[in-house]
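Q: Could we go through this model together, taking one feature at a time and asking how each should be read?

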Amino acid sequence: MPTISQFFGIVIQMFWNDHAPPHFHCQYGEYEAIVNIRTLEIIEGKLPRRAMNLVLDWAELHRTELMEDWELCEAKQQPKPIKPLE
């Protein structure tokens with residue numbers, strides 16, 4: 001699973017040819033969550049509140065790039081890295 005971004009100990013990844021709706025996976029320590037790109041809602045799992053807020057802030061800033069990466073993954077192409085939250 002390609003890592004598309006990393007910041008503050010959080011790893012953001014996407015699977016190739018994954019199921020709908022468009023989403024990304026995030027890991028923080030032993031926590032994992034799946035976030036819907038369009039609604040920025042957690043589909044599955046959970047993260048600590050601070051980590052989740054950072055992920056959502058980052059995703060809101062990069063939603064267009066996330067959708068572009070989703071489309072690349074659907075086409076079984078390598079997604080592009082996305083700038084981390086600073």
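**Cysteines, helices and core**

A: Let us begin with the cysteines, keeping in mind that this is a predicted model: the structure holds zero disulfides.

Q: How should I read the packing of helix H1 and helix H2, and at what angle do their axes cross?

A: An angle of 65 to 115 degrees counts as roughly perpendicular. The axes of H1 (residues 49–61) and H2 (residues 63–74) come within 5 Å and cross at roughly 80 degrees, so the two helices are roughly perpendicular to each other. At their contact, Trp58, Ala59, Glu60 and Leu61 of H1 meet Arg63, Glu65 and Leu66 of H2; by class, these comprise four nonpolar, no polar and three charged residues.

Q: Which residues have the most contacts inside the largest nonpolar core?

A: A nonpolar core joins buried residues through side-chain atoms within 4.5 Å. The largest one has 24 residues, and Ile12, Phe24, Cys26, Val55, Trp58 and Leu66 have the most contacts inside it. The largest share of this core, six residues, comes from H1.

Q: What is leucine 66 in contact with, leaving aside its neighbours within four places in sequence?

A: With those neighbours set aside, leucine 66 is in contact with Ile4, Met14, Phe24, Ile37, Trp58, Ala59 and Ile82.

Key:
Residues numbered from 1 in each chain as written. Predicted model: local features only at pLDDT ≥ 70, side-chain atom pairs only at ≥ 80, totals over all residues. Heavy atoms only, no water. Disulfide = S-S within 2.5 Å. Axes fitted to C-alpha atoms, helices over the stretch in contact; angles between N-to-C directions. Helix = DSSP H or I, 4+ residues; strand = E, 2+ residues; numbered from the N terminus. Parallel < 35°, antiparallel > 145°, perpendicular 65-115°, else oblique. Contact = heavy atoms within 4.5 Å. Nonpolar A, V, L, I, M, F, W, Y, C, P; charged D, E, K, R; others polar. Buried < 20%, exposed > 50% of the residue type's maximum accessible area, 1.4 Å probe, protein only.
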